[in-house]
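Have a go at each task before you read its solution.

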Amino acid sequence: MDYLVEILLLMLGAVLVENYIFSKFLGICPFLGVSEKPDTALGMGLAVTFVMTLSSAATWAVYYLILVPFGLEYLETIAFILIIASLVQLIEMFLRKFVPALYGALGIYLPLITTNCAVLGSALLNIQNGYDFIESLAYGFSSALGFTLAIVIFAGVRIRISFAKPPRSFRGTPIALIAAGLIAMAFSGFSGMKF
Amino acid sequence: MSNYTLKDFKNQLLDGIIFKNPVFMQLLGTCSTLAVTTSVTNAIGMGLSTTAVLIFSNMFISILRNFIPKQIRIASYIVIISGFVTAIQLLIKAYLPSLDKSLGLFIPLIVVNCIILARAESFASKNSVLPSAVDGLSMGLGFTFALVVLSSVREIIGSGKFAGIQILPDSYEPAIIFVLPSGAFLTLGCLIAVMNKIMYVRNKKLAAKKRALDKAAAEAELREIADEYANDMNEQAEEN
């Protein structure tokens, strides 16, 4: 029972308190790149959630079952990025063959995920924090949910911005970054919470 | 490569640092940009390690560009890049342990810094070794420059220090928001806006200069036509 509570608190913390975008700065590139519309943002978020949960499991297994027994811990970066790249490729092929509807919705976002630092970041953090298998899975899944939450909120804000008329040199990215800063300020309200 | 001149070198360097600056102009590598710029020391460390990786990976990819099959080029680039990143990571861990502690996760994350893959794909895979190395150097210096500017603003306003040395008087109340995550977004947004403003003014000046030149050229042409006409008239008058 205690273990279950611990897992739930870990997940809540990963979604709100240690949000990947607003407090850890992981995955900013897709956050700024694919947040023009809420529905594409949601698609990207779901694709990241899918890949990140699977990659958390795969990288944990490879690290503890292959790298540690052979004393190859220093190869973790190379090993993890290869696992993520091939996993993304595999998911893409699998979806195209067996779940074409889902492939149609997520397909275009999948290749972008290989270079999404949130995925590699969560794999490395799982190892750094010494999580066990279930904790890694929960952490990967819930930080991806946090990412999805952030990107969908931000896409909504950006739609409002597109109707506004900021000064000329602020148009486009600068005003989007300032909006992100304001959302981050709101999210920093969670940082005082102790679980 | 044989006719690579000093002028090409200068142009590439200017492109990387100012006109195509990876952070301010192309908005690449934002994750590490925002995360490590809480202090100038961190910014310089991050900038230089990224530069080193960029130079080596660009050179290596450029050497191998004719051997890597097109279909698997991205995967091969990532393996090459992560090899160099691991080397840099081990070097930093051995010789600069304090930097390793403060940059933490973001050293291995250089692998997925979009600047490196973007340069590999758009430059190193099409050009020979020397220009690719220079490209890596200039883009890396541009990245470092952007990080240093961003981190100086954040560190001076946010904690009254520059590179760890107190420069503002003790009576200054530091605005902590600037070292918090939201300050990173706000500062980068404002800096990009300033950069846009500078570019607008510069483009306007260039356009005005060009217009003046065009006008002068048009006037000269008109004068020529008028002179010709006058000559013709004179000749006709003489004939009559």
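**Exercise 1: The interface**

Work out how much area is buried between chain B and chain A, and what kind of atoms supply it.

Solution. In this predicted model, about 3,100 Å² is buried between the two chains, and carbon and sulfur atoms give 83% of that area. Next, look at chain B: Leu105(B), Val112(B) and Phe185(B) lose the most area to chain A, together 21% of what that side buries. Then find the helices: helix 2 (30-36), helix 4 (73-95), helix 6 (114-124) and helix 8 of chain B each supply at least two residues of the side touching chain A. Helix 8 of chain B gives the most, with 13 residues. Finally, check the polar side: the count of salt bridges between chain B and chain A is zero, and one residue pair is in polar contact.

**Exercise 2: One threonine**

Decide whether Thr49(A) is buried or exposed.

Solution. Start by locating Thr49(A) in helix 3 (residues 38-67) of chain A. Its relative accessibility is 8%, and buried means under 20%, so Thr49(A) counts as buried. Now list its contacts, leaving aside neighbours within four places in sequence: Phe141(A), Ala144(A), Leu145(A) and Thr148(A).

**Exercise 3: The core**

Find which residues have the most contacts inside the largest nonpolar core.

Solution. This core has 102 residues, and those with the most contacts inside it include Phe22(A), Leu120(A) and Phe185(B). Helix 4 (residues 76-98) of chain A brings the largest share, nine residues. Take Leu120(A) next: among its contacts beyond four places in sequence are Phe80(A), Ile84(A), Pro108(B) and Leu109(B).

Conventions. Residues numbered from 1 in each chain as written. Chains lettered and ligands numbered in written order. Predicted model: local features only at pLDDT ≥ 70, side-chain atom pairs only at ≥ 80, totals over all residues. Heavy atoms only, no water. Helix = DSSP H or I, 4+ residues; strand = E, 2+ residues; numbered from the N terminus. Buried < 20%, exposed > 50% of the residue type's maximum accessible area, 1.4 Å probe, protein only. Contact = heavy atoms within 4.5 Å. Core = buried A, V, L, I, M, F, W, Y, C linked by side-chain atoms within 4.5 Å. Buried area = accessible area lost by both parts, 1.4 Å probe. Salt bridge = Lys/Arg side-chain N within 4 Å of Asp/Glu carboxyl O. Polar contact = N/O pair within 3.5 Å; in protein donor to acceptor, adjacent residues only side chain to side chain.
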